[in-house]
Amino acid sequence: MQPFDFQPRTRFVFAPDALDRLGALAAELDARRVLVVTDPGIVAAGHVARAVESLRRQGLAVSVFDQVVENPTTETVDRCLVHAWSFAPDLLVGLGGGSSMDCAKGVNFLYTQGGRMQDYWGVGKARRPMLPMIAVPTTAGTGSEAQSFALISDAETHVKMACGDPKAACRVAVLDPKLTVTQPRQVTALTGMDAISHALETAVTTRRNAVSETFSRRAWQLLVSHFPRVLRDPEDLTARAAMQLGACLAGLAIENSMLGAAHALANPLTQHFGIVHGQAVGVMLPVVVHYNAQEPSVAAVYQQLLDSLPEHSVQTAQGEGPGQRLAALLQGLLQEAELAGRLQTLGVPQDALPRLARDAAEQWTGRFNPRPVNAEVLESLYRQAW
Ligand SMILES: [Fe+2]
């Protein structure tokens, strides 16, 4: 028996055009002044204008910070914080991909608690109440809308800090699958692969429990069976909705189970070589699956995950044992998404692997991997993926 402490904190509103309900949802939270945190691409897609219109229709004062960048740093958060100080919001909206939602959460820490982002690295370091926040994801990837963690990189060291507190959890997540249709193909591929890695890593961590397993498994089914469809037909709203829901459920799984070695290995690749997160985690996932499958209880979970997929989704899953079959299926998905399956292709020099492995060994998330990993093991995993 694995004990757990599960408290749902977020209300999830899932419907086409749910974005138009943003104003009413904010008003229900007694908001008067709303700061929308987003990026220029989301402005260009027209989503920000719609969000602002919905908020203003409720008579709310709205200000927009649209300078979020990919992998937001402490600098991004500081710039948004200055904006927040001058506007004095009583509610935050994170509108965009994981970066916008994480930036809004990061600002929430500093705006309500003071100090610097580094002070909140870890879990449960906020002492005062935080502002209510509404997340509106426009990608199907991080599942940040379902988590109480903000991932913010230190602008100087480039180390990704996970800053978590139950008070940072979103009060509402608005899941409008129509918003994800505007994602470029590359973003669909990268965020989809990330979401799949969340479903898979959470399914086997040492923290997995009855609640997280429920989310991991449903997320896995939704994501793997619809990923090829959104790649082939970006306008397929049914498949987009399944991906968005899958990514969100995988986010809930993370909140209740943590992640594993593929994320520990991915972070240094992003830090040192600027490899985008979805690609970094995708390239490492097959070798991690192969490694984890040596543990019989994990192999059994992998087998169940394979069995839960429809026939057409497991055609590429060839090999001996669930580990090999699952790794083959993942390689097939990478190919279909036109993502690299080897570190060499991504321009990572072989002599960088020991250094990367030392950094990966320091990643907190590696501690929850079902088979223990140290620098030596991680280096061998990098070599296998090279
Ligand atoms: Fe991830």
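Trainee: Which are the buried residues of helix α13?
Mentor: This is a predicted model. In helix α13, which spans residues 353–361, the buried residues are L353, L356, A357, D359 and A360.

Trainee: How do you know that the buried residues of α13 line one face of the helix?
Mentor: Viewed down the axis of α13, the buried residues fall within an arc of 165 degrees, so they line one face. These buried residues pack against α9 (261–273) and α14 (375–385).

Trainee: What makes an atom a protein donor of the iron ion, and which residues supply the donors?
Mentor: A donor must be an N, O or S atom within 2.8 Å of the metal. The atoms from D194 (OD), H198 (NE2), H263 (NE2) and H277 (NE2) lie 2.1 to 2.2 Å from the iron ion, and they are its protein donors. Along the chain, the donors follow the spacing D-x3-H-x64-H-x13-H.

Trainee: Why is the arrangement around the iron ion called irregular?
Mentor: To count as tetrahedral, four donors need all angles between 85 and 135 degrees. To count as square planar, they need opposite donors over 155 degrees apart and all others between 65 and 115. The four donor atoms here subtend angles of 83 to 166 degrees, which makes the arrangement irregular.

Trainee: What separates D194 and H198 within helix α6?
Mentor: D194 and H198 are four residues apart in α6 (residues 185–202), so about one helical turn separates them.

Trainee: Why is D194 called buried, and why is H198?
Mentor: Buried means under 20% relative accessible area. D194 has a relative accessible area of 4%, and is therefore buried. H198 is at 4% relative accessibility, so H198 also counts as buried.

Trainee: How do you know that I42 is buried, and where does I42 lie?
Mentor: I42 lies in helix α2 (residues 40–44). Its relative accessible area is 10%, and the limit is 20%, so I42 is buried. Leaving aside residues up to four places away in sequence, I42 touches H47, V48, L95, G96 and T138. I42 and Q183 are 141 residues apart in sequence, and their C-alpha atoms are 9.6 Å apart in space.

Trainee: How many cavities of 30 Å³ or more are counted, and what lines the largest cavity?
Mentor: The count is three cavities of 30 Å³ or more. The largest cavity has a volume of about 50 Å³. Its lining includes A140, T180, Q183 and R240. Helices α6 and α8 (237–257) each supply at least two residues of that lining.

Key: Residues numbered from 1 in each chain as written. Predicted model: local features only at pLDDT ≥ 70, side-chain atom pairs only at ≥ 80, totals over all residues. Heavy atoms only, no water. Buried < 20%, exposed > 50% of the residue type's maximum accessible area, 1.4 Å probe, protein only. Arc of directions from axis to C-beta. Contact = heavy atoms within 4.5 Å. Donors = N, O, S within 2.8 Å, 3.2 Å for Na, K, Ca; no water. Tetrahedral: all angles 85-135°; square planar, octahedral: opposite > 155°, others 65-115°. 1 Å grid on protein atoms, 1.4 Å probe; cavity = no way out; pocket = protein on both sides within 12 Å on 5 of 7 lines; lining within 4 Å. Points joined across faces, edges and corners; volume = space filled by probe spheres on them.
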